[in-house]
Amino acid sequence: MTPKKVFDSQFTVENLTAIFHDKVSQSGTVGKDGVHPAAFEKKLDQEIALIRKNVASEKYCFTTYKQRLVLKGAGKAPREISIAGVRDRVCLRALNNSLSEIFKEAKPALAHQHIAEIKAYIKPLSDDYSFVQMDVQDFFPSLRHQELMKRLRSKTRYPKLLSLVAAAVRTSTGASGTNEKGVPQGLSISNVLSSIYMIPIDKEAQDKYEYYRYVDDILIICKTENAQANLDFMMKRLAKVGLTCHEPTPGSKTKIEPLSKGVDYLGYRLTPNKVSIRRSSYRNIMEKLVSVATAAKYKPSYRRQIRRLNLKITGCYVNGKRYGSMFYFSMIDDKEQLMRLDRFVDRLWKKVGFQKYGKPKTFIKTFHEIKYNLAATKYIPRFDDYTIEQMMQFIADLEARELAEVQTWTEERIRKTFKRHVKREVNDLLKDMTPTS
């Protein structure tokens, strides 16, 4: 299918309507225009007609994105996240689908795929090899629009697509005006545009090295004797397209390390002999467990706390997808870490006085089920398969209600309430799965 046909197929009435219902309608996120998805839905036909009209005339204007600042840690500038309005999110999702189809080679690899490949590659190696790790400074804000459009034109000259991308990246965040440089982070198109931007660099590096990139985190594995020259070359190559790496000073993420010493990458600690959860990620898991236990002081319901604690441990399936820290960290082979977490949970459980009700699930059992019994496991909740009776029990547990009360509700209310609770819990689990380096 040609780029024109791909793009046009994404902007049909039927497809834009499906995007709204599947990807946007259930979100409570509101952009700078203040329009809620529920209000948008009341005039959905009119809004979709407006999207199609403005895209066709190459005059689509995005509303200034709402700014959200995400803290990165003490002493670090916060990360700016751009939040689009409802109409713009529908349009951007269709654009993202188009770009992903046209630039199939730009599809970002999953973090798991990188970890699995690195783990297999380094296992037989010694310190004749080293890790060369690079962290690009201000990655998204540094992407040059001219370079980006050049990459896009290498595959398509379709003016509707090019004008829409240009309008999206030039829209400012937080204040009115025009964004002359960078790609706003947090939009559905952000990652695919950054991958398109990096295509020639990725191809060149993959021909030269054992090379991995996840957004702005780059890892090369090479002969130790060539490590410094490879680092110097890559830093110069990135600089040619406006990307600057942090200098390789003490404490920097840009560094050269022997394989035996290991590196932290995408939340993991990688060495040839052992793959573990990195220290800060491990600490984050413990903090999330503590937050559930602390909540027991204010909402002292055994059923509620055991449900939430077990979800933190096992994760779950929703809409055919896997969520939770153990799914993300299933590539480790350091089982002692998991046993320590189980002992930690046991102490927390006793501290809140719930041991008389039985024991929570365990990380080590969850890990075993994910590795060896995933297709058949009943240990990890599959919310897609829940019966109406299971939904009622879930609601009763989380809301500390009597089951008999929930049984008096209409099926529509039960399903709606169940979906709302699952969405909230999954959103929390998603934070446990965010790759960090």
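What is the relative accessibility of Glu399, and how does that residue count: buried, partly exposed or exposed?

Modeller: Keep in mind that this is a predicted model. Glu399 has a relative accessibility of 23% and counts as partly exposed. Buried would need a value under 20%. Glu399 has a charged partner. Its side chain meets that of Arg401 in a salt bridge, with N to O at 2.4 Å. Arg401 comes out at 26% relative accessibility, so Arg401 is partly exposed too.

Side chains of opposite charge can pair when their charged atoms come close. The count for this model comes to 25 salt bridges. Take Lys155 and Glu105 next. Their side chains form a salt bridge at 3.1 Å, N to O. Lys155 sits in the loop between helix H8 (145–153) and H9, while Glu105 sits in the loop between H5 and helix H6 (111–122), so this pair ties together parts that are 50 residues apart in sequence. Lys155 is partly exposed, at 37% relative accessible area. Glu105 is partly exposed as well, at 41%.

Now turn to Asp202 and Arg213. This salt bridge has its closest N and O atoms 2.9 Å apart. Asp202 belongs to helix H10 (residues 190–208) and Arg213 to strand E4 (residues 210–214), so the pair ties together parts that are 11 residues apart in sequence. Both Asp202 and Arg213 are buried. Elsewhere, salt bridges join Arg308, Lys312, Arg424, Glu425 and Asp428 into a network.

Arg151 has a relative accessible area of 11%, so it is buried. Its side chain reaches a backbone atom: the oxygen of Tyr197, at 2.9 Å. Leaving out residues up to four places away in sequence, Arg151 touches Phe103, Ile196, Tyr197, Pro200 and Val241.

Leu99 and Val165 have the most contacts inside the largest nonpolar core, which holds 67 residues.

Helix H1 covers residues 3–10, and in it Val6, Phe7 and Gln10 are buried. Their arc around the axis is only 95°, so they lie on the same side of H1. Among the elements that cover these buried residues are helix H2 (13–24), helix H4 (44–56), helix H5 (86–102) and helix H9 (159–170).

Arg79 gives another view of a charged residue. It lies in strand E2 (residues 79–83). With a relative accessible area of 33%, Arg79 is partly exposed. Not counting residues up to four places away in sequence, Arg79 touches Arg68, Leu69, Val70, Lys72 and Gln185. Asp138 is 59 residues from Arg79 in sequence, and their C-alpha atoms are 9.1 Å apart in space.

The whole structure has zero disulfides. Cys61 is in none: the nearest cysteine sulfur belongs to Cys91 and is 11 Å away. A disulfide would need the sulfurs within 2.5 Å. Cys61 is exposed, with a relative accessible area of 62%. Cys316 is buried, at 1%.

Leu266 is not a glycine, yet has a positive phi of about 55°. It lies in the loop between strand E8 (263–265) and strand E9 (268–270). Leu266 is buried, with a relative accessible area of 0%. Asn319 also has a positive phi, near 50°, without being a glycine. It is found in the loop between strand E11 (316–318) and strand E12 (321–323). At 64% relative accessibility, Asn319 counts as exposed.

Back to your starting point. Glu399 is partly exposed, and its side chain meets Arg401 in a salt bridge.

How values were computed
Residues are numbered from 1 along each chain as its sequence is written. This is a predicted model: local features need pLDDT of at least 70, side-chain atom pairs count only at pLDDT 80 or more; totals for chains, interfaces and linings use all residues. Side-chain values use heavy atoms; hydrogens and water are left out. Buried means under 20% relative accessible area, exposed over 50%, partly exposed in between (1.4 Å probe, protein chains only). Helices (H or I, at least four residues) and strands (E, at least two) are DSSP runs, numbered from the N terminus. The arc is that of the directions from the helix axis to the C-beta atoms. Contact means heavy atoms within 4.5 Å. A salt bridge is a side-chain nitrogen of Lys or Arg within 4 Å of a carboxyl oxygen of Asp or Glu. A polar contact is a pair of N or O atoms within 3.5 Å; within protein, one must be able to donate a hydrogen and the other to accept it, and residues adjacent in sequence count only if both atoms are side-chain atoms. A nonpolar core is a set of buried Ala, Val, Leu, Ile, Met, Phe, Trp, Tyr and Cys residues joined through side-chain atoms within 4.5 Å.
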